[in-house]
Amino acid sequence: MPIGHQLDATTRPSVAVLGAGSWGTALAALIARHGHSTVLWGRDAGTISAIEANGENPRYLPGIPLPGTLRATTALPEAMADADLVLVVVPSHAFAETLRALAPWREPGAGVAWATKGFEPGSGRFLHEVAGEVLGDDVPLAVVTGPSFAKEVAEGLPTALTVHSEDAVFCQQVADALHGPAFRAYTGDDMCGAELGGAMKNVLAVATGVADGMGLGLNARAGLITRGLNEMLRLNIGIGGRPETLMGLAGLGDLVLTCTGDLSRNRRLGLALGRGQSIEDAVRAIGQVVESIQTADEVMRLAQRHGIELPIAENVRDVLHGDITPAEGLRRLMARERKAEYPQSLFD
Ligand SMILES: NC(=O)C1=CN([C@@H]2O[C@H](COP(=O)(O)OP(=O)(O)OC[C@H]3O[C@@H](n4cnc5c(N)ncnc54)[C@H](OP(=O)(O)O)[C@@H]3O)[C@@H](O)[C@H]2O)C=CC1
Ligand SMILES: O=C(CO)COP(=O)(O)O
């Protein structure tokens with residue numbers, strides 16, 4: 001039963017969640033707990049059979065019980081059959097290929113949302129641009145983003161995030177599927193700003209992680225978060241996003257969470273680099289996706305295209321490439337010219 005635009009408010013859409021990592025599993029569990037018929041698709045047969053047999057994702061969310069109503073499969077056509085709403089939760093490097101794979105199986109009228117954070121690697125395109133091209137203009141699209149560690153959502157801890165779409169009806173349908181006793185889902189219509197915030201906070205989390213790993217103190221951390229927010233706001237204005245989006249859950253909210261919470265893989269990468277570990281060892285130890293590694297390049301390309309200076313993001317990119325050490329990054333940031341905090345208002 002496709003959602004279309006006539007869905008009865010009492011009807012719960014069937015949901016296919018594509019991507020059985022930590023975030024896809026947590027969101028599928030959340031939606032299943034809300035009474036939606038929910039199927040989780042993943043490519044790894046071992047993980048999927050463990051979810052089916054034991055109600056647990058032992059690789060990505062060990063020890064957290066999943067609802068018995070959640071079904072899991074490695075067969076994409078099976079996951080997509082009868083899905084009114086599709087939620088893509090694969091890493092950004094797999095986003096386009098997953099959309100191409102799902103397209104032939106999408107029920108007519110079913111909208112596609114994603115909780116992936118980042119840009120298309122290589123092209124630097126926003127994910128809504130990729131989705132529009134692969135799926136066509138008629139498919140309702142939405143982005144789900146905000147401060148939300150998968151483990152806490154899977155454990156049922158209170159969380160708030162935001163859904164942005166140009167299609168107000170679909171936006172509300174996605175928010176309704178997520179909204180529940182321990183989960184607030186807000187809505188908005190600024191896909192550019194929402195995607196930029198979710199992508200860029202990962203880069204800035206590396207910066208605060210590096211500073212904390214080097215033992216630079218709490219003042220440095222607060223300074224980086226605040227000037228990092230400023231970088232997000234300036235780039236967002238450059239691309240035509242709205243400032244309030246970045247002052248909300250998609251920007252400031254996620255920035256604070258990821259820059260301060262040790263559950264963040266991007267922050268943990270920064271911590272390791274600040275302590276002198278190699279990027280290869282750090283990524284191996286984390287063992288999950290660390291989006292900042294690709295996103296730092298794409299953020300800097302975007303900034304250069306729009307002629308916007310992003311000193312913190314630039315230093316993160318250079319540290320991730322091994323072009324400078326964290327100590328050199330610190331020296332470069334501290335040696336920047338003295339200037340007004342706000343040479344011009346961001347909100348005019
Ligand atoms: N974890 C979190 O708290 C949050 C994550 N996000 C975002 O969600 C997205 C997914 O991250 P997350 O779930 O955390 O990542 P994880 O590292 O936990 O899991 C990644 C998942 O993606 C799968 N995968 C990798 N490549 C492909 C591919 N080519 N085709 C299909 N599946 C693939 C992996 O499969 P396999 O195991 O077989 O490799 C695995 O199931 C990221 O963009 C992340 O930034 C957003 C908010 C919160
Ligand atoms: O996006 C996240 C929280 O909102 C997860 O952050 P990490 O990818 O850094 O773990």
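Trainee: What makes a residue count as one of those around ligand 1, and which come nearest?

Mentor: A residue is near a molecule if its C-beta atom, placed from the backbone, lies within 6 Å of it. In this predicted model, 27 residues are around ligand 1, and Gly21, Ser22, Trp23, Ala94 and Gln288 come nearest. Local features here need pLDDT of at least 70 and side-chain atom pairs count only at pLDDT 80 or more, while totals for chains, interfaces and linings use all residues. Residues are numbered from 1 along each chain as its sequence is written, chains are lettered from A and ligands numbered from 1 in the order in which they are written.

Trainee: How do you know which domains supply the shell around ligand 1?

Mentor: Domain bounds come from an automatic or database domain assignment, which gives domain 1 (15-189) and domain 2 (192-334). Each of these domains contributes at least three residues to the shell.

Trainee: What makes residues of domain 1 and domain 2 count as in contact?

Mentor: Their C-beta atoms, placed from the backbone, must lie within 7 Å. By that criterion, 25 residues of domain 1 are in contact with 24 residues of domain 2. On the domain 1 side, strand S7 (159-164) gives the most, with four residues.

How values were computed:
Contact = placed C-beta atoms within 7 Å. Helix = DSSP H or I, 4+ residues; strand = E, 2+ residues; numbered from the N terminus.
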